[in-house]
Amino acid sequence: TVLIIDFGSQVTQLIARRVRETGVYCEIVPFQSAEEGFKRLNPKAIILSGSPASTLEIGSPRAPQVVFDSGLPVLGICYGQQTMCEQLGGKVEAGHHREFGRAFIEIDKECALYDGIWTVGSRHQVWMSHGDRVTAIPAGFEVVATSPNAPFAFIANEAKKFYAVQFHPEVVHTPDGAKLLANFVHKIAGLKGDWSMAAYRDKAVANIRAQVGDKRVICGLSGGVDSSVAALLIHEAVGDQLTCILVDHGLMRKNEAADVVAMFKEHYNLHLVHVDASDMFINALEGESDPETKRKTIGRLFIDVFEAEAKKLGGADFLAQGTLYPDVIESVSFTGGPSVTIKSHHNVGGLPARMNMQLVEPLRELFKDEVRILGKELGLPDSFIGRHPFPGPGLAIRCPGGITREKLEILREADAVYLDEIRKAGLYDAIWQAFAVLLPVQTVGVMGDGRTYEFVCALRAVTSVDGMTADFYHYDMDFLGRAATRIINEVRGINRVVYDVTSKPPGTIEWE
Ligand code: XMP
């Protein structure tokens, strides 16, 4: 196991991902519980993440001393480098030139960390994102590489197997970064790359059994890959102690609920309850326009339904969710003392504190594409595995402005036509996520001989790896023209279609 100590960087999860890609298991632990994590995991190597904090601020986070006393290899990244230097007797200062983005480092010295990847004298692109920088390195360290603004861009104490870099090897903009991390875990730490999704499955099943015991679990099944995979894992672990509940909140895509139920009935023998709660949800949302209120209302009603269903079963102690790693942004609080605020969660739009079930979230550590691999492992049909993500709050967050039944109906139809065109054009698998949005704007049109005054439909399609960043999909104009014509002809209430060409960032994938 590799222990990744999280100081709150936005990209810590990418470190975990890169390490897992090398076939080595790792876990991220927030810095506040790093010592406990160290004891629990008995790691063979440690990585210190970046951070939005500055080591120059009073009370900024540090790695526990045991990290440096343990004799284990340590890799410090960005802030991790700075705190490592500080803690071992070096010096950090506020940078005169802040560096953000692409930079080039020049290799000055041999180093085991880049063995087989770089050579002395060569130059390489890396990704920097820092204000402070190291200005004096601790005793025993040597400079391996420099950049114009970071004379200590890459330092090492080979005897102790301490390595530290100012740049971010975990991001794709450091093209050789993944190889450096692979070297760290394989060559430096001597870990074998024999961890796989099959191993994850076994471990997850064992963990679920340990957590759940002989208690009852209910699982919200949306038909998305995540909740489906979560349900199958839990079913494998505890069998009939699991009841899956498909809540039709009236915000699903056309025919979605029926399709999902049919797929599960056909392929799996698990207990599935289909609850039509659409009236309850839509009544509560009618007229609501604030995105966060929509999410909270939906989250609250989901829990109401789950609790009511649990009661019918004679009680359930656990609620399972297909929460993924990117949903669980563990933001580390620096000012408010040693507290970790977990911005959970997305799938059901923020769980109310009153919920009296514990969560089972077997996918918390995975990224979407890893979940797909696990889904394959569990025998989910390809058509299911390849499905576009669909947000828990569904069409509610694709209907900006006040929600009405009528608007939801219009949106559902437009979305169905749009996706049908995408499938017909053979583009479904090339797109990461596509959907229609119904804008709360009416415009004038002319159809036949008459004037129309109807809504505008925006089409969205993005490519992405993990939903964290995205580019709009570059359709050809003929496709867009065809989709627009069909939507306007076939969907009553829409007389204009526009295409969203915003990337993420600065936009988000959803409009709300
Ligand atoms: P954004 O809009 O944040 O979306 O760029 C990134 C991914 O997350 C999905 N998403 C949600 N999923 N509950 C969910 O279960 C939500 O409240 C929610 N908001 C966004 C979005 O569809 C995209 O895949």
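Modeller: Let us start with Pro-506, which is found in the segment after strand 20. This is a predicted model, in which local features need pLDDT of at least 70 and side-chain atom pairs count only at pLDDT 80 or more, while totals for chains, interfaces and linings use all residues. Residues are numbered from 1 along each chain as its sequence is written.

Biologist: What makes a stretch a strand or a helix, and how do they get their numbers?

Modeller: Both are DSSP runs, numbered from the N terminus, with helices (H or I) having at least four residues and strands (E) at least two. Strand 20 spans residues 494-499, and Pro-505 is also found in the segment after it.

Biologist: What kind of peptide bond joins Pro-505 and Pro-506?

Modeller: That bond is cis, with omega about 10 degrees, and the bond from Lys-504 to Pro-505 is cis as well, with omega near -20 degrees.

Biologist: How is the protein divided into domains?

Modeller: There is domain 1 (2-188), domain 2 (197-385) and domain 3 (404-499), with bounds that come from an automatic or database domain assignment. Taken over C-alpha atoms, the centres of domain 1 and domain 2 are separated by 35 Å.

Biologist: Why is helix 7 called oblique to helix 11?

Modeller: Two packed helices are described by the angle between their axes and the distance between the axes. The axes of helix 7 (residues 225-238) and helix 11 (residues 368-377) come within 10 Å and cross at roughly 45 degrees. Axes are lines fitted to C-alpha atoms, for helices over the stretch in contact, and angles run from 0 to 180 degrees between N-to-C directions. Angles under 35 degrees count as roughly parallel, over 145 as roughly antiparallel, 65 to 115 as roughly perpendicular and the rest as oblique, and that makes helix 7 oblique to helix 11.

Biologist: Which residues make this contact, and how do they divide by class?

Modeller: Val-225, Asp-226, Ser-228 and Val-229 of helix 7 meet Val-371, Arg-372, Leu-374 and Gly-375 of helix 11, where contact requires C-beta atoms, placed from the backbone, to lie within 7 Å. By class there are four nonpolar, two polar and two charged residues.

Biologist: What makes helix 6 roughly perpendicular to helix 11?

Modeller: Helix 6 (residues 197-212) packs against helix 11 at an angle of about 80 degrees, with the axes 9 Å apart, and that angle makes helix 6 roughly perpendicular to helix 11. In this contact, Met-197, Ala-198, Tyr-200 and Arg-201 of helix 6 meet Ile-373, Leu-374 and Glu-377 of helix 11, giving five nonpolar, no polar and two charged residues.

Biologist: Which strands form the open sheet, and how are they paired?

Modeller: Five strands are arranged in the order 12-11-10-13-16, and the pairing is parallel. Strand 12 (271-276) and strand 16 (358-360) stand at the edges with a single partner strand each, so one side of each is left without a neighbour in the sheet.

Note on methods:
Contact = placed C-beta atoms within 7 Å. Nonpolar A, V, L, I, M, F, W, Y, C, P; charged D, E, K, R; others polar. Pairing = 2+ DSSP bridges.
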